[in-house]
Amino acid sequence: MLKIGIINGPNLNMLGKRDQKNYGNLTLEEINHKIESFAKKEDIELTIKQSNFEGEIIEFIQQNSSKLNGLIINPAAYTHYSYAIADALRDCPIPIVEVHLSNIFSREDFRAKSVTASVCIGQIAGFGYQSYILAIRALQDLLEKKLRKIK
Ligand code: DQA
């Protein structure tokens, strides 16, 4: 069974209330529920974490990456300036996909820069909660190919 971690950064606990034009009206709990039911069908075990604190996100990465096969991260505003999270991700031995609910390239200029994306295998942005499901599919494909090669 594939084990995938999902990290959501600051203010994503406020989804449903915050900036519905960019993020839609689903709460984080509702989004997690949709992601969980997709993962269940695919026989994937998810570990989901949200934090408003940079250090807590870094500790989650450090403490969990060796127990997981892949990682999905929406670093939220940290995307644009956290070299500390980028360094933690760089040291991660597993493939990482960066996701965003909104299309960060069609918004304010500061959002178009990600300091974390270059240490990930790719980035998916602009598809709302589907961004997470697309990221799971991408990791699933990559990890299953890897397993087939090992066998
Ligand atoms: C976000 C985009 C970021 O620019 C913003 O700070 C967020 C959410 C997204 O999912 O679209 O908090 O990561």
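A salt bridge here is a side-chain nitrogen of Lys or Arg within 4 Å of a carboxyl oxygen of Asp or Glu. By that rule, the side chains of Arg-107 and Glu-108 form one, at 3.9 Å from N to O. Salt bridges that share partners join Asp-19, Arg-107, Glu-108 and Arg-111 into one network.

The model is predicted: local features need pLDDT of at least 70, side-chain atom pairs count only at pLDDT 80 or more, and totals for chains, interfaces and linings use all residues. Residues are numbered from 1 along each chain as its sequence is written, and side-chain values use heavy atoms, with hydrogens and water left out.

**Salt bridges**

- Side chains of opposite charge can pair when their charged atoms come close.
- Across the whole structure, the search finds 6 salt bridges.
- Arg-107 is buried at 16%, whereas Glu-108 is partly exposed at 37%.
- Lys-49 pairs with Glu-56, and their closest N and O atoms are 3.4 Å apart.
- Both ends of that pair are partly exposed: Lys-49 has a relative accessibility of 22%, and Glu-56 has 35%.
- Asp-87 and Arg-90 form a salt bridge at 2.4 Å, N to O.
- Helices (H or I, at least four residues) and strands (E, at least two) are DSSP runs, numbered from the N terminus.
- Asp-87 and Arg-90 both sit in helix H4 (residues 83-90), with a spacing of 3 residues, about one turn of the helix.
- Asp-87 is partly exposed at 41%, and Arg-90 is partly exposed at 49%.

**Ligand site**

- Which residues surround the ligand? They are Arg-18, Tyr-23, Asn-74, Ala-76, Ala-77, His-80, His-100, Leu-101, Ser-102, Ile-104 and Arg-111. The criterion is a residue heavy atom within 4 Å of the molecule.
- Arg-111 also belongs to the salt-bridge network with Asp-19, Arg-107 and Glu-108.
- A polar contact is a pair of N or O atoms within 3.5 Å; within protein, one must be able to donate a hydrogen and the other to accept it, and residues adjacent in sequence count only if both atoms are side-chain atoms.
- The side chain of Asn-74 places an N or O atom 2.8 Å from a ligand oxygen.
- His-80 has a polar side-chain atom 2.7 Å from an oxygen atom of the ligand.
- For His-100, the distance from a polar side-chain atom to a ligand oxygen is 2.8 Å.
- Taken alone, the ligand exposes 320 Å², and the protein buries 99% of that. These areas come from the Shrake-Rupley method with a 1.4 Å probe; for residues, only the protein chains shown count as cover.

**Ligand-site residues in the fold**

- Tyr-23 belongs to helix H1 (residues 20-23). Its relative accessibility is 13%, so Tyr-23 counts as buried.
- Tyr-23 and Gly-126 are 103 residues apart in sequence, and their C-alpha atoms are 9.2 Å apart.
- Ala-76 lies in the loop between strand E3 (70-74) and H4.
- Phi of Ala-76 is positive, near 55°, in a residue other than glycine.
- Ala-76 counts as buried, at 12% relative accessibility.

**Another positive phi**

- Asp-43 has a positive phi of about 60°, although it is not a glycine.
- Asp-43 sits in the loop between helix H2 (28-41) and strand E2 (44-50).
- At 48% relative accessibility, Asp-43 is partly exposed.

**Residues at 0% accessibility**

- Ile-6 lies in strand E1 (residues 2-8). Its relative accessible area is 0%, so Ile-6 is buried.
- Ile-6 and Arg-107 are separated by 101 residues in sequence and by 24 Å in space, C-alpha to C-alpha.
- Ala-135 is in helix H5 (residues 130-150). Ala-135 is buried, with a relative accessible area of 0%.
- Ala-135 and Ile-72 are 63 residues apart in sequence, with 6.9 Å between their C-alpha atoms.

How values were computed
Buried < 20%, exposed > 50% of the residue type's maximum accessible area, 1.4 Å probe, protein only.
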